[in-house]
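Work through the following exercises with the sequence and the coordinates at hand. Each task is followed by a solution in steps.

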Amino acid sequence: MEKAVDLTVGQRQKNKGMSWRPNGSRALSLLKVAELNGQWQQLWFPALAA
């Protein structure tokens with residue numbers, strides 16, 4: 001599980017010159033989870049998903 005997190009989120013956050021606060025890191029993680037779960041449209045366009 002830890003490796004999956006590193007591959008999906010960690011690589012994005014480890015680019016040169018980047019620094020992340022806990023809230024920003026959590027937000028990015030939640031968006032990535034929504035994308036991987038196929039919930040992106042439902043998250044951003046709930047009226048269309050209903």
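Rings of Phe, Tyr and Trp (its six-membered ring) pair if their centres lie within 6.5 Å; planes under 30 degrees apart count as stacked, over 60 as edge-to-face and the rest as tilted. The model is predicted, so local features need pLDDT of at least 70 and side-chain atom pairs pLDDT 80 or more, while totals for chains, interfaces and linings use all residues. Residues are numbered from 1 along each chain as its sequence is written, and side-chain values use heavy atoms, with hydrogens and water left out.

**Exercise 1. Aromatic pairs**

Task: find how many aromatic pairs the whole structure holds, and classify the geometry by the angle between planes.

Solution. 
Step 1. The search of the whole structure returns one aromatic pair.
Step 2. Its members are tryptophan 40 and tryptophan 44, with ring centres 5.8 Å apart and planes at 55°, so the pair is tilted.
Step 3. Both tryptophans belong to helix H3, four residues apart, about one turn of the helix. Helices (H or I, at least four residues) and strands (E, at least two) are DSSP runs, numbered from the N terminus.
Step 4. For exposure, buried means under 20% relative accessible area, exposed over 50%, and partly exposed in between (1.4 Å probe, protein chains only). Tryptophan 40 has a relative accessible area of 36%, so it is partly exposed. Tryptophan 44, at 47%, is likewise partly exposed.

**Exercise 2. The nonpolar patch**

Task: list the residues of the nonpolar patch on the surface and give their accessible area together.

Solution. 
Step 1. Patches are made of residues with over 30% relative accessible area and no salt bridge; like charges are joined within 9 Å, and nonpolar side chains (Val, Leu, Ile, Met, Phe, Trp, Tyr) within 5 Å. Areas come from the Shrake-Rupley method with a 1.4 Å probe; for residues, only the protein chains shown count as cover.
Step 2. The patch consists of Leu31, Trp40, Leu43, Trp44, Phe45 and Leu48, with about 630 Å² of accessible area together.
Step 3. Helix H3 (residues 40–44) supplies the largest share, three residues.
Step 4. Phenylalanine 45 sits in the loop between H3 and helix H4 (46–49). Its relative accessible area is 43%, so phenylalanine 45 counts as partly exposed.

**Exercise 3. The salt bridge**

Task: find which side chains meet in a salt bridge, and where they lie in helix H2.

Solution. 
Step 1. Side chains of opposite charge can pair when their charged atoms come close. The criterion here is a side-chain nitrogen of Lys or Arg within 4 Å of a carboxyl oxygen of Asp or Glu.
Step 2. Over the whole structure, one salt bridge is found. It joins lysine 32 and glutamate 35, at 3.0 Å from N to O.
Step 3. The two residues are three apart in helix H2 (residues 22–36), so about one helical turn separates them.
Step 4. Lysine 32 is partly exposed at 25% relative accessibility, and glutamate 35 is partly exposed at 42%.

**Exercise 4. Helix H2 and what follows**

Solution. 

**Exercise 5. Overall dimensions**

Task: describe the protein by its elements, its radius of gyration and its share of buried residues.

Solution. 
Step 1. The protein has four helices and zero strands, in the order α-α-α-α from the N terminus.
Step 2. The radius of gyration is taken over C-alpha atoms, and the globule rule is 2.2 Å times the number of residues to the power 0.38. The protein has 13 Å, whereas a compact globule of 50 residues would have a value near 10 Å.
Step 3. The C-alpha trace spans about 40 × 20 × 15 Å along its principal axes.
Step 4. Of the 50 residues, 10% count as buried. The accessible surface is about 4,500 Å², of which 58% belongs to carbon and sulfur atoms.

**Exercise 6. Separation in sequence and space**

Solution. 
Step 1. Serine 19 lies in the loop between H1 and H2. Its relative accessible area is 69%, so serine 19 is exposed.
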